[in-house]
Amino acid sequence: QILDIYLEEGNLREYNYAKQYIKFKSGSYVNKKEFSVHECTLSSWNTGKSTPNSIQNINFLKEKKLLPFNPCNISARIVGLLHGDGNLYNNLSSFGFTSSDKKMLEEIRKDIKSLFKIDTKITKKREKGELVVIMGKERKSTKPTYDLKINNHAVCLLVYKLGGPKGKKVEQIYLVPEWVIKGSNEIKIGFLQGLFDSELSNFKVHDHL
């Protein structure tokens, strides 16, 4: 399924490379003429000197014990966050979250470390009083703003396969992942927690009756 993302994204070269690598390493061929890669490439695959990038990403996820993947409330929360204010880059190179709530970002950072076995840092994006453009209007930031960014292509592939929408969400239709809808109450709650943390962290209810 991870490998299929390359096919979905139109990266046929990397997809075919990976398929040929798997076939070569499994030994399920009669002779090397069956492969459309140079014999030097086959030799480097054989000695372990080189590996297709897609296979490297899959191996990384396996080493972190993320494949096969078992969904849980933490993964559901992260996907919920990405359905809200989170951002998964269109090229699947990184994903992240921006907020003035540093405590919430720290909780997300801990969840990411616990689930994906990778560490990252929270950095300051904007100081209080700094000029920002919101909805085409220039305003002063009322609070300092922080960034939590995860630069890991392998993890991005997994997050995307779990249902994290990539690119500009306002320009596409995306749905709650089926594994969340059919999941346990714990998984459903995790997803809603992520979504509400993103969208309703500054939500106020006013009684206009």
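The following legends describe close-up views of a predicted model. Local features need pLDDT of at least 70 and side-chain atom pairs count only at pLDDT 80 or more, while totals for chains, interfaces and linings use all residues. Residues are numbered from 1 along each chain as its sequence is written, and side-chain values use heavy atoms, leaving out hydrogens and water.

**View 1. Helix 7 and its ends.** Helix 7 spans residues 153-161; helices are DSSP runs of H or I with at least four residues, strands are runs of E with at least two, and both are numbered from the N terminus. Ala154, Val155, Cys156, Leu157, Leu158 and Val159 are buried (under 20% relative accessible area, 1.4 Å probe, protein chains only). At the start of the helix, a side-chain oxygen of Asn152 lies within 3.2 Å of the backbone nitrogen of Ala154. Gly163, which follows helix 7, has a positive phi near 115 degrees.

**View 2. The crossing of helix 4 and helix 7.** The axes of helix 4 (residues 53-63) and helix 7 come within 9 Å and cross at roughly 80 degrees; axes are lines fitted to C-alpha atoms over the stretch in contact, with angles from 0 to 180 degrees between N-to-C directions. Helix 4 is therefore roughly perpendicular to helix 7 (65 to 115 degrees). Asn57, Phe60 and Leu61 of helix 4 meet His153, Ala154, Val155, Leu157 and Leu158 of helix 7, contact meaning heavy atoms within 4.5 Å.

**View 3. The surroundings of Ser99.** Ser99 belongs to strand 2 (residues 95-99) and is buried, with a relative accessible area of 11%. Its side chain reaches the backbone nitrogen of Asp101 at 2.9 Å. Not counting residues up to four places away in sequence, Ser99 touches Met104, Leu105, Thr145 and Tyr146.

Technical notes. Buried < 20%, exposed > 50% of the residue type's maximum accessible area, 1.4 Å probe, protein only. Polar contact = N/O pair within 3.5 Å; in protein donor to acceptor, adjacent residues only side chain to side chain. Parallel < 35°, antiparallel > 145°, perpendicular 65-115°, else oblique.
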